[in-house]
Amino acid sequence: MDGRLTKPLAILAIIIALVLGVIVGATHILGGMFGPNPKTIASASLESMRAQNRLIAFVARYVSVVTSQEERLGGLVSSQRTLILPGDVRYELDLSKLEPNDVTWDGSSRTLRVQLPEVEIAGPDVDLNSVKEYGGGGVLSALTNANQQLDQANRARAVADLRKQAQGAVPMRLARQAAREAVERSFAMPLLAAGFKDVKVVARFPTEGSDEASYLVLSTPYEEAIKEAERRRAAQGQK
């Protein structure tokens, strides 16, 4: 080869190498900026979940059986009433409470961590169509409004008992598990669709690992719960 061409060719080769290096580097950077990114996908999933507002993670039905008795004249006259009251309780997550800092990405372990808001217990929604009331009238019921008073007392106690059952350790554990799984799926599915097969999503409640109860009670006063059930039953009867 002519020695006079060696130096220009060497310079040209260096320039081409530099250009290729710049192109490869730019491609890598742009791919990271505009290609699939776990943080970007997680942020989009977060906004989508916040827009849903509330997630009903778990629904359970409970039945309360209560008995009230009233006695007068030293027990000579009495009235007794028993109420069997079923009711549904919803275990919900207020997804609007999720904030960006509740969703963190750990690049070293490729894990997306989500801190959940507390589970909220809503209800109970009493089922008046399945209510059963038993009791003897007797002399006291004939002379007074004892039955009405006992029925009112039974309903208040039954609704309170439904709420107490709903806050038990077993249903709360099931509700938390259902909520975690639902949120983890909601974040994992877009990541899998984008090709991130090795990403793990872990959702946890703030109080997990402590003795503090992880729920909020959003109960309806028993008078309103009964009236709402009566309105629903009346509406169904009109159809």
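## Surroundings of Asp102

Apart from neighbours within four places in sequence, Asp102 makes contact with Lys97, Arg113, Val114 and Gln115. The model is predicted. Asp102 sits in the loop that links β2 (77–94) to β3 (103–106).

Asp102 is buried but has no salt bridge. Arg50 is the nearest side chain of opposite charge, at 7.1 Å. A salt bridge requires a side-chain nitrogen of Lys or Arg within 4 Å of a carboxyl oxygen of Asp or Glu.

## The three-stranded sheet

The open sheet has three strands in the order β3-β4-β7, with mixed pairing. Because β3 and β7 (200–204) are at the edges with a single partner strand each, one side of each has no neighbour in the sheet. From one strand to the next, the twist averages 20°.

## Pairing along β4

Strands β3 and β4 run antiparallel and are joined by four bridges. Thr104 has Arg113 as its bridge partner in β4. The hairpin of β3 and β4 has four residues between the strands, and Arg110 there takes a positive phi near 50°.

On the β7 side, five bridges join β4 (residues 111–115) to β7, and these two strands run parallel. Arg113 has Val202 as its bridge partner in β7, while Leu112 stands opposite Val201 in β7. Arg113 is also one of the residues in contact with Asp102.

## Helix over the sheet

Helix α5 (residues 169–193) lies across β3, β4 and β7. The helix runs at about 150° to β7.

How values were computed: Residues numbered from 1 in each chain as written. Predicted model: local features only at pLDDT ≥ 70, side-chain atom pairs only at ≥ 80, totals over all residues. Heavy atoms only, no water. Buried < 20%, exposed > 50% of the residue type's maximum accessible area, 1.4 Å probe, protein only. Lys, Arg positive; Asp, Glu negative; His and termini not counted. Contact = heavy atoms within 4.5 Å. Pairing = 2+ DSSP bridges. Axes fitted to C-alpha atoms, helices over the stretch in contact; angles between N-to-C directions.
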